[in-house]
Amino acid sequence: MKTLTWNDLITNLDLYPELHLNFEYDKNQTIFPNYHITEFKLAKIQSVDCGGNSDSWTEIILQVLEPKIEKDTESMKLSKVNSIIKKVTNVMEIPSNSILRIEFGNDQSAMRQYFVSELIPMENALLIQLKDGKTECKASASCGLPKDVVSFPKLEKSNGSCCSPKQKNESNEPAGCC
C-alpha cells in the first residue's frame, strides 16, 4: 500500500488553500465536517525485524476528533489547516519524509491510526482517504514468507532459522518469527 508523507500534505495545502479538508475511512464513511484537529504527534520509530535487521522512520500523526453530533456546516478550509500547522511547526520540526497518519475513532469505529493512501482534489474539497495498514514480514527472504502475506500461516516451532515453516518439531505450539 502506498502511504503519503508530510510533504505530500503540505504541498496540497499550499496548492489548494480555498478547498475544504474532508476525510473518508472504511467503506465510504466520512468524518463529520465539524471535526476538530486536536493534536499532532511526532513518532520516531526504531525497529528490529524477526531477521535481525534494523530500521527507523518518522511518523506524524494528526489526531482528529469527531463530535458526537454532526452539524450542517462546511469542513475546515485548507488555509485554516495551514495556519494550525504553522503553529505546530513553530514548536516542533517535522521531517518532510515523515509518514502521514490520521488518528481517529467514533461511536462506530474504535480509535486507531490510519495511513493516508490518497489525497484527492475535488471540486470544492481535498479528500484524504484513510486506510488500515496490513502486517508484512520485512525479513521475508530469511523467513521464507512472501513479502505480501496478508494473513500469516500457522508456523510451527522449529530448530531452524527465524520463521522457517519448512521444519517441524514434534510440538504443536504456535511460534512467531522471534
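These legends walk through several close-up views of one predicted protein model.

Residues are numbered from 1 along each chain as its sequence is written, and side-chain values use heavy atoms, with hydrogens and water left out. In this predicted model, local features need pLDDT of at least 70 and side-chain atom pairs count only at pLDDT 80 or more, while totals for chains, interfaces and linings use all residues.

**Figure 1. The overall plan has three helices and seven strands.** Helices (H or I, at least four residues) and strands (E, at least two) are DSSP runs, numbered from the N terminus. Reading from that end, the order of elements is α-β-β-β-β-α-β-β-β-α. The protein has 178 residues, and 39% of them count as buried. Here, buried means under 20% relative accessible area, exposed means over 50%, and partly exposed lies in between (1.4 Å probe, protein chains only). A contact means heavy atoms within 4.5 Å. Among contacts between residues at least 6 apart in sequence, 61% join residues at least 24 apart.

**Figure 2. Helices α1 and α2 cross each other.** Helix α1 covers residues 6-15 and helix α2 covers residues 78-91; their axes come within 9 Å and cross at roughly 130 degrees. Axes are lines fitted to C-alpha atoms, for helices over the stretch in contact, and angles run from 0 to 180 degrees between N-to-C directions. The two helices are therefore oblique to each other. For this term, angles under 35 degrees count as roughly parallel, over 145 as roughly antiparallel, 65 to 115 as roughly perpendicular, and the rest as oblique. The crossing of α1 past α2 is left-handed, a word used if the near helix is turned anticlockwise from the far one by less than a right angle (right-handed if clockwise). Look for W6, L9, I10, N12, L13 and D14 on α1, which meet L78, V81, N82, I85 and T89 on α2. Sorted by class, this contact has seven nonpolar, three polar and one charged residues. Ala, Val, Leu, Ile, Met, Phe, Trp, Tyr, Cys and Pro count as nonpolar, Asp, Glu, Lys and Arg as charged, and the others, Gly among them, as polar.

**Figure 3. The largest nonpolar core holds 32 residues.** A nonpolar core is a set of buried Ala, Val, Leu, Ile, Met, Phe, Trp, Tyr and Cys residues joined through side-chain atoms within 4.5 Å. In soluble globular proteins, nonpolar side chains tend to be buried together. W6, F23, F40 and L130 have the most contacts inside this core. At least two core residues come from each of α1, β1 (20-25), β3 (36-48), β4 (54-65), α2, β5, β6 (112-121) and β7 (125-131). Helix α2 gives the largest share, five residues. Take a closer look at F23: leaving aside neighbours within four places in sequence, F23 is in contact with Q29, T30, I31, Y35, V64, I102, L127, I128 and L130.

**Figure 4. L100 sits in strand β5 (residues 99-104).** L100 is buried, with a relative accessible area of 0%. Its C-alpha lies 6.2 Å from that of I61, although L100 and I61 are 39 residues apart in sequence. Beyond its neighbours within four places in sequence, L100 has contacts that include L4, T5, W6, L9 and Y114.

Figure 5. Is each one buried or exposed? D26 counts as partly exposed at 41% relative accessibility, whereas N28 counts as exposed at 60%.

Figure 6. C50 is in the loop between β3 and β4 and is buried, with a relative accessible area of 16%. D55 belongs to strand β4 and is partly exposed at 37% relative accessibility. Not counting residues up to four places away in sequence, D55 touches I45, Q46, S47 and K138.
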